[in-house]
Amino acid sequence: MKLSDFGAKFASDSGIVGLMDDLGNALRENPAMIMMGGGNPGHLPQMDAVFRRRLEAILDDPGQRHRLFGRYQSPAGDHDFRQTVADLLADQFGWRLGAANVAISNGSQSAFFTLFNMLAGRMPDGSGRRIHLPLTPEYLGYADSGLSEGFFTATRPEIELLDGDQFKYRVDFARLALGEDTAALCVSRPTNPTGNVLTDDEIAQLDALARARGIPLIVDGAYGLPFPNILFNDARPHWNDNTILVLSLSKLGLPGVRTGIVVAREELVHAFANANGILNLACGNIGPAIATELFRTGEILALTRDVVQPFYRARAQAAVAGFREHLAGLPFRIHKPEGAFFLWLWFDGLPIGSQALYERLKARGVLVVPGQHCFFGLDEDWPHRHECIRVSYVQEPDAVRRGIEIIAGEVRRAFDEAA
Ligand SMILES: Cc1ncc(COP(=O)(O)O)c(C=O)c1O
């Protein structure tokens, strides 16, 4: 098979594709595998019931049913839904938004592909531009999304050691030197993989830096406010006309409907919608159909506050307690869990490295994400990148407990072997 440059890049078996394959195939290969690697949200029966009720109401109404199945929406997405999202955000946070500031995508993953490649890569004057991650580790799903090589740059963070066994990454502004070729800054907040939430002050500084350079700040709010609100502190959401905020219905419990939402200034939304028309023609209707009424009535806010957030908060606390018990005596630290649904564990001096730990755990029936993949864009060889793993805690509590015991057992073995 002869492949183009595009084909060679996007059809190749990168390390990350291998990891995704593992995540996808693990259950078929080993039905007992404890899945602590993937990004699936937890299964919340109360949310399920709400989605089902909405879908049934739509299916029972011939007009709504036809709108759902029988129509293409415009490339920017369903106008009612865009207006409803704009109203919800304006109402909650006081942002000045209308439907023209909102575009829909088929999942936020595809929105990132379009946005990143619209802003960075080869420029009309022949120069190249890149997306900068002011704090690494970052979301693995960005890593291979650039059409050109060397698409991301990243700044190594400061590590703040917190009382006890926790730590927190901080943007290292002293190190953060933006090149002339920086096209945009991008952060996920809450951050996948670490559960970090960049502070309001960090966001304000990044906003100022981006403005001074005339480039946008992209904020990935897949786990943030106002939905799904998987946030355990009271960080303020951020948007202004230099910000591109990307939201998603996935972590509410709807990853299968593939709905992402881009909130940005009108000019950018217009450009995005044009690109979306070429790539996708139109977006799927099911996500907007389910969500519009929940957003219009504000029911979504009560659901995320009273159902979604408490579920993940309790799971995070139980997972931290489990690791503390089983890792006692080992050189471990847990990134302060401030949001999302992962724990990021750091084993200082881990003798076997995170990739070997991942493989040993897979052989023992537990799937995690080896942390080194999440440091893409960072040129320097920093031992820390081989000392961390990401562990999801959304599975059933019994499975998570068994997973924690196995992880702790393998880490202990690795340190004992080296002693
Ligand atoms: C930080 C972050 N951003 C974006 C996405 C993409 O989500 P989706 O395409 O389902 O909206 C994910 C999925 O795991 C994520 O963790």
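The model is predicted, and local features need pLDDT of at least 70, side-chain atom pairs count only at pLDDT 80 or more, while totals for chains, interfaces and linings use all residues. Residues are numbered from 1 along each chain as its sequence is written, and side-chain values use heavy atoms, with hydrogens and water left out.

We begin with the sheet. Strands of a sheet pair through backbone hydrogen bonds, either parallel or antiparallel. Here 6 strands form an open sheet of mixed pairing, in the order β6-β7-β12-β13-β16-β15. Strands (E, at least two residues) and helices (H or I, at least four) are DSSP runs, numbered from the N terminus, and two strands pair if DSSP finds at least two bridges between them. At the edges stand β6 (158-161) and β15 (369-370); each has a single partner strand, so one side of each is left without a neighbour in the sheet. The pairing of β15 with β16 (residues 388-392) is antiparallel, over 2 bridges. Proline 370 lies opposite isoleucine 389 in β16.

Next come two helices. Helix α5 (residues 79-93) packs with helix α9 (residues 286-296) at an angle of about 35 degrees, and their axes are 9 Å apart. Axes are lines fitted to C-alpha atoms, for helices over the stretch in contact, and angles run from 0 to 180 degrees between N-to-C directions. In α5, Phe81, Thr84, Val85 and Leu88 meet Pro288, Ala291, Thr292, Phe295 and Arg296 of α9, where contact means heavy atoms within 4.5 Å.

The last topic is the space within the protein. On a 1 Å grid over the protein atoms alone, a cavity is a set of points where a 1.4 Å probe fits but cannot get out, and a pocket is an open set with protein on both sides within 12 Å along at least five of seven lines; lining residues have an atom within 4 Å of a point. Grid points are joined across faces, edges and corners, and a volume is the space filled by probe spheres set on the points. The largest pocket has a volume of about 1100 Å³. Its lining has 40 residues, and Met20, Gln109, Tyr139, Gly141 and Arg258 lie nearest its centre. The second largest pocket has a volume of about 310 Å³, and α8 gives the largest share of its lining, 3 residues. The largest cavity holds about 120 Å³ of space. Among its 13 lining residues, Arg189, Gly224, Leu225, Pro237 and His238 are the closest to its centre.
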